[in-house]
Amino acid sequence: MSIITFWSNTKKQTSQTMSLAAIATSMAIEHNYKILIISTIYNDDTLELCFGDLNNNKKLLKKLVKDANIAVDNGIEGLSKMAHSGRMTPDIIQNYTNVIYKNRLEILYGYKEEKDRPSEEQYLRIREKYKEIIKNAGNFYDMVFVDVEKGLDDEYVKQILKISDLVIINTEQKIGMINEINELIHSELRNDNFIINIGRFDSYSKYSIKNISRYLKMKRDISVIPYNTLYFEAASEESVADLFLKIRNVSEGDRNKAFVTETKNAAEKIVYKLQELQMKM
């Protein structure tokens with residue numbers, strides 16, 4: 001029962017959501033965990049492009065009922081209404097998710113604007129209940145992966161980071177961003193419950209894992225997700241789940257081997273770190 005939050009201390013591009021999608025999918029395949037991905041980011045469709053459009057379910061439901069104008073609440077909208085009415089329980093969350101791999105991986109997409117409903121006002125009401133939803137999910141799923149807004153401008157982000165068992169701090173191979181991470185580690189972070197993740201990693205860059213580890217004075221709590229053409233194409237075609245099943249056992253000489261290996265390694269680092277933190281409690 002662990003909450004793993006993917007977060008970036010900078011507003012710059014860090015491939016945060018793409019890294020989360022890759023690691024969670026790999027973990028669901030390689031480990032016998034029941035995993036839920038929760039997106040709290042407003043009006044972002046990255047995960048839907050990776051795994052499929054939740055609104056298709058709503059359209060299907062409307063066809064099955066007599067009144068074509070009936071309001072059908074699913075996903076985060078329906079779940080937040082349950083939370084506001086005091087009727088949410090850990091096991092009820094699964095009724096509002098998209099199933100990617102049965103009994104292994106589910107997704108609760110974030111709030112998106114649509115023509116037939118209010119936008120930011122409704123999102124702010126939903127946001128009030130994210131902490132409660134995540135904590136309940138943590139009592140039902142083995143792993144809850146949370147994708148949050150970057151930075152610390154929003155109070156709800158601070159709340160989610162506070163209840164997280166592990167925080168994945170996302171960055172890229174750029175000296176300015178690495179310097180920001182270095183400052184964050186040695187000035188603001190008080191706990192050991194974090195892993196640094198480098199998205200869109202390029203093995204030919206002079207900012208190698210070894211050099212970054214030496215610079216940050218960190219030996220093992222750094223993971224990387226290499227840039228991979230097949231993955232980034234699949235992430236725009238709703239076919240990430242299929243891709244990971246196809247490439248999970250690629251041979252040593254395959255061009256996708258590094259991506260598969262490092263994504264598995266990133267998942268393993270999360271498992272190991274959670275076990276390490278548990279032992280310290």
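This is a predicted model: local features need pLDDT of at least 70, side-chain atom pairs count only at pLDDT 80 or more; totals for chains, interfaces and linings use all residues.
Eight strands, in the order S3-S4-S2-S5-S1-S6-S7-S8, form an open sheet whose pairing is mixed. At its edges sit strand S3, residues 98-101, and strand S8, residues 222-226, each of which pairs on one side only. If we ignore direction, neighbouring strands of this sheet are turned by 25° against each other on average.

Now to some of the individual pairings. Strand S2, residues 35-39, and strand S5, residues 143-147, pair in the parallel sense over 5 bridges, and within that pairing isoleucine 35 stands opposite methionine 143 of S5. S5 also pairs with S1, again in the parallel sense and over 5 bridges, and there the residue that faces aspartate 147 of S5 is phenylalanine 6. S1 is joined in turn to S6 by 4 bridges, the two strands running parallel, and tryptophan 7 stands opposite isoleucine 169 in S6.

S1 deserves a moment of its own. How many of its 6 residues are buried? The count is 6 of 6, so that the strand is mostly covered. In a regular strand the side chains alternate between the two faces of the sheet. In S1 we can follow this residue by residue: Ser2, Ile4 and Phe6 point one way, Ile3, Thr5 and Trp7 point the other way, and all are buried.

Helix H12, residues 257-280, lies across S1, S5, S6, S7 and S8, and runs at about 155° to S8.

While we are on H12, I would like to point out lysine 269, which lies in that helix. With a relative accessible area of 27%, lysine 269 is partly exposed. If we leave aside its neighbours within four places in sequence, lysine 269 is in contact with Ile195, Arg220, Ile222 and Ser223. Lysine 269 and aspartate 221 are 48 residues apart in sequence, yet their C-alpha atoms are 7.3 Å apart in space.

Helix H6, residues 130-138, packs with helix H7, residues 155-163, at an angle of about 20°, and their axes are 9 Å apart. Because angles under 35 degrees count as roughly parallel, H6 and H7 are roughly parallel to each other. Their crossing is right-handed. On the H6 side the contact is made by Tyr130, Lys131, Ile134 and Lys135, and on the H7 side by Tyr156, Gln159, Ile160 and Ile163.

What do the buried residues of H7 pack against? The buried residues themselves are Tyr156, Val157, Ile160, Leu161 and Ile163, and they pack against S1, helix H5, H6, S5 and S6.

Finally, two details of the backbone. Most residues other than glycine have a negative phi. Asparagine 43, although not a glycine, has a positive phi of about 60°; asparagine 43 belongs to the loop between S2 and helix H2, and at 36% relative accessibility it counts as partly exposed. Asparagine 103, likewise not a glycine, has a positive phi of about 65°, and its place is in the loop between S3 and S4.

Note on methods. Residues are numbered from 1 along each chain as its sequence is written. Side-chain values use heavy atoms; hydrogens and water are left out. Axes are lines fitted to C-alpha atoms, for helices over the stretch in contact, and angles run from 0 to 180 degrees between N-to-C directions. Angles under 35 degrees count as roughly parallel, over 145 as roughly antiparallel, 65 to 115 as roughly perpendicular and the rest as oblique. A crossing is left-handed if the near helix is turned anticlockwise from the far one by less than a right angle, and right-handed if clockwise. Contact means heavy atoms within 4.5 Å. Two strands pair if DSSP finds at least two bridges between them. Buried means under 20% relative accessible area, exposed over 50%, partly exposed in between (1.4 Å probe, protein chains only).
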